[in-house]
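Please consult the structure below while reading.

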Amino acid sequence: MYKYSEFDTAFLAERNAQFRAQVERRIDGSLTEDEFKPLRLMNGLYLQLHAYMLRVAIPYGTLRSAQMRQLAMIAEKWDKGYGHFTTRQNIQYNWPKLRDVPDILDALGEVEMHAIQTSGNTIRNVTADHFAGAAADEVDDPRPVAELLRQWSTDHPEFQFLPRKFKFAVIGSEADRAVIRAHDIGVQLVEQDGKRGYRILVGGGLGRTPMIGKVIRDFLPEEDLLPYAEAIVSTYNILGRRDNKYKARIKITVHENGIDTYKELTEARFAELKPQFEGVDQEMLSSIRAQFAAPAFRNAPTDDFDAAYKADPVFRAWADTNLAAHKVEGYAIVSISLKKHGETPGDATAEQMRLIADLGEQYSHDDIRISHEQNVILPHVHKSDLPALHAALKTLGLATANIGLISDIIACPGMDYCALATARSIPVAQEIAQRFDALKMEHDIGPLKIKISGCINACGHHHVGHIGILGLDRAGVENYQITLGGDGTEEATIGQRTGPGFSYEEITDAIERIIRAYLEHRTDAQETFLEAYRRLGADPFKAALYPDKAEGKANAA
Amino acid sequence: MSVIVTDAGFATTDWAADLGAQDVLTLASDTNPHTVDLSAAPKLVRVEFPSSADGRGFTIARVLRDHGYTGKLRATGHVIADQYAMARRCGFDDVEISDDLAARQPEDQWKFRSDWRQNDYQSRLRRA
Ligand code: HEM
Ligand code: SF4
């Protein structure tokens, strides 16, 4: 795993000293709040509904156990004993005090972590496939490239004050587990005629105008990545709109100018930038790659696993839902659910973080991942260790067997924390999870992604949920719109609205009606919700949602 | 009146004060740098920053440098001390700020960032 170079360490120490000085200057008044705002945002510090919120980057979603332990320590010492893992591989602390933030940043620096560029109109934390280095289907581990992009984008002098925030995601396989098509720039490692390169997408994004990213280069030679990325962002900095923040994202710039014009301008700028990169970045990339070398996997029998699988139905249910295929025989990728029924999706207590750290160290080669679906992954576990791992997870409520199922919900903070929220989202997630748990239907329903946002900004990715829920405010009353058929994978699709929304009291019933319609109409248990929706269209689901339109029961909003 | 900031701190006199109008080109922040005509070879190009949140000037400066402009480049307007290193790295030679801003952000806050070459990821990735 990547270890900071002397350069990284010196950079971070200087940056933390600068921010310490900026905080002092804010407190003594030499910086106005308007001037302080972009500076604190560049260091991950938001002002929320009740307090400051600090968003810490987990670059490409990868943590060592020592880092996870430090996150636990910070949660206990400077926050209320828990942290919240987000959909962009960050962790958020909801209650830090401004005065403590410089100390928190120093504590993060001790374990080679930071909160730089996790907010603000700049290039944000670079995310990657959470199965990187373990998945069987990848061309290569995408994390070294993500690390290179992290270094290139960090403190980039030209790109700290862009029209709007800017997000990269990187994957190494055809299967898209990082939603690259909903990112400002998506990077996919590809191979063509034995040569490595990248497919580059641009202009994806969710928010109030969801757009699927468009291919700007189908095959970009490996050595051209940084100048090409620089050309895309440089073009955006000049062309992007600054008159209306809702039209400022690159998705709008690309949409309004057309991908052909955008590409033309980018290629022209690229021609100017290319000679400025003399190739050292490629040497650095290969030394970064060496640090991500696969661990020494062992060849051992899996009898313990087979026995537990046969004997213990609870273990079997967990293994069936929470394990994914590993590229090495005898190993499994383990997803630890942070979605226990009735809990806040993505929250973890300090105690849970410490347990995960210990288990990651003991069973997963000190490699821990955070997924954009707000769960934790142990990517390299030998199957013979799974029964012991499962038993340990059970002790702290971390063994919920629901990965990819109806209660594995993504929900944004919504009204509980967010100043922009128009509705609650966490309580909706909790109620849906508890409803289907009580009905014991979850495993029968099978793979299903519900995603919930508390306002049109779409932090909960509702557009790409198989079932998306968007909480709005209709004359002071919460109203939840439903979309169906969204998909965040390589077949990225924006979900379609069903019709009028539902009140807070009605929304769980409405979801249950959709599910019952699916169970009734599916060809058999093998046909997933999404497949059934694609085959049938929206009609049977609309009929279930609005059984008697004439009566106007669903409040027509 | 205004204050000129360089690596040495606040300058009391502006070297450019005596330049004739034909030697100075002032560019608004919404200028497309790719179409700026530099054939008159101005001695000074001033790039306006209407707000510290408007970062277009950084790209304008870099593009002008990439197009071969070798005269002086000045960032003028609402640039704050914390942006000094960014301005220098993008090719600006100095920064021109209002007296007001200079009073609120005194010289020491600008000199804090005067070693702008230090800890620079980008130059490290470009060439050895
Ligand atoms: C609580 C404070 C938060 C605020 C004020 C906030 C604000 C926003 C805003 C204004 C946007 C729309 C930006 C745009 O489209 O230009 C946005 C998008 C987004 N936010 Fe948040 N957010 C918050 C928390 C979160 C959390 C906790 C997560 C993760 C769980 C998150 C993940 C995202 C994502 C993934 C987008 C994606 C839409 C996109 O950029 O295409 N946000 N947020
Ligand atoms: S979607 Fe809206 S309510 Fe939810 S976190 Fe984002 S801004 Fe807040």
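Domain 2 of chain A and domain 4 of chain A bury about 1000 Å² between them, with 70% of that area on carbon and sulfur atoms; buried area is the accessible area (1.4 Å probe) that two parts lose on being put together, summed over both. The model is predicted, so local features need pLDDT of at least 70 and side-chain atom pairs pLDDT 80 or more, whereas totals for chains, interfaces and linings use all residues. Residues are numbered from 1 along each chain as its sequence is written, chains are lettered from A in the order in which they are written, and side-chain values use heavy atoms, without hydrogens and water.

**Domain 2 and domain 4 of chain A**
- A:Leu206, A:Arg208 and A:Ile212 supply 42% of the area that domain 2 buries against domain 4, more than any other three residues.
- Zero salt bridges are counted between these two domains (a side-chain nitrogen of Lys or Arg within 4 Å of a carboxyl oxygen of Asp or Glu).

**Chain B and chain A**
- In contact (heavy atoms within 4.5 Å) are 41 residues of chain B and 46 residues of chain A.
- The two chains bury about 3800 Å² between them, 54% of it on carbon and sulfur atoms.
- On the chain B side, B:Asn119, B:Tyr121 and B:Leu125 lose the most area to chain A, together 21% of what that side buries.
- Eight salt bridges are counted between the chains; B:Asp66 forms a salt bridge with A:Arg269, where the closest N and O atoms are 2.9 Å apart.
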